[in-house]
Amino acid sequence: MPWDVWLIFFALGVIVPWRGRHRLRELLAKPSVSAAERISLYTSTIAFQWIAVAVTAWRAWAHGFSAAQLGLVTGNVWVVNTAGLVGAAFLTTLQWLNLRRMGRMPQKVRGRLQALAERILPQSARERIPFFALAVTAGVCEEFVYRGFAMAVFRQVGLPSWSVVVLSSILFGMAHLYQGRSGLVGTTLLGLLFGAARSIFGSLGPVVVWHAGVDIVAGLAGPRYLIHTNDVTSN
């Protein structure tokens with residue numbers, strides 16, 4: 001594996017998790033986070049992710065990876081589009097129901113989760129616009145990096161399909177280590193689903209839609225059930 005690819009994996013496996021945990025510690029150390037600070041967090045993360053994609057795409061092109069290897073093909077358009085819509089409907093419904101379930105937990109149980117939600121989730125229409133832009137960015141950029149580039153590299157070095165999916169999912173989960181142990185486990189499992197779908201459909205299309213949809217629902221249902229809990233106790 002070339003040195004620059006190793007460097008990218010070092011960034012994904014070490015720098016990105018460290019950066020996320022460091023930024024979260026700073027946010028949790030504050031008694032509260034303002035709308036301006038949240039918007040700044042969203043916009044800086046959007047910029048970071050597109051820079052990461054630009055560097056990764058540059059090195060993928062330099063090493064001769066094709067669009068098909070990176071999942072940048074549509075394949076059977078009807079199948080890909082149907083999978084994207086049906087899967088998104090299913091996963092976003094599960095996400096909404098799960099957030100509602102967590103919102104009904106005793107406050108002592110959801111303490112850290114609520115503190116995290118209060119600091120990073122949008123709490124006004126002004127904040128939701130950049131948050132939704134971030135959700136779409138994450139759907140595109142993270143899927144390209146983890147299910148496009150990483151899986152293509154693992155395949156090229158001869159790893160079996162199951163380990164390609166597992167390794168890319170572990171990297172994906174580590175990028176969300178700032179969410180704590182449950183976030184690490186949850187995103188790793190989601191990564192396994194996304195990786196399997198990427199392998200089955202041969203396209204990033206469905207998983208980009210699924211990923212963006214799950215994150216958009218987090219921005220809608222998260223504040224409702226994890227922050228404004230007094231408004232939804234009877235729902």
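This short talk covers a helix pair, one aspartate and the nonpolar cores of the structure above.

First, the ground rules. This is a predicted model, where local features need pLDDT of at least 70, side-chain atom pairs count only at pLDDT 80 or more, and totals for chains, interfaces and linings use all residues. Residues are numbered from 1 along each chain as its sequence is written, and side-chain values use heavy atoms, with hydrogens and water left out.

Now the cores. A nonpolar core is a set of buried Ala, Val, Leu, Ile, Met, Phe, Trp, Tyr and Cys residues joined through side-chain atoms within 4.5 Å. Buried means under 20% relative accessible area, with a 1.4 Å probe and protein chains only. The largest core here has 32 residues. Phe9, Leu12, Tyr146 and Trp210 have the most contacts inside it. Helix α5 gives the largest share, 10 residues. Helices, by the way, are DSSP runs of H or I, at least four residues, numbered from the N terminus. Another core, of 19 residues, lies apart; Leu41 and Ile120 are among them.

Take leucine 12. Leaving out residues up to four places away in sequence, leucine 12 touches Pro17, Val145, Tyr146 and Leu171. Contact means heavy atoms within 4.5 Å.

Next, aspartate 4. Where is aspartate 4 found? In helix α1, residues 3-29. Is aspartate 4 buried or exposed? Buried, because its relative accessible area is 6%. Beyond neighbours within four places in sequence, aspartate 4 contacts Arg59 and His63. Aspartate 4 sits 52 residues from threonine 56 in sequence, and 9.7 Å away in space, C-alpha to C-alpha.

Key. Helix = DSSP H or I, 4+ residues; strand = E, 2+ residues; numbered from the N terminus. Buried < 20%, exposed > 50% of the residue type's maximum accessible area, 1.4 Å probe, protein only.
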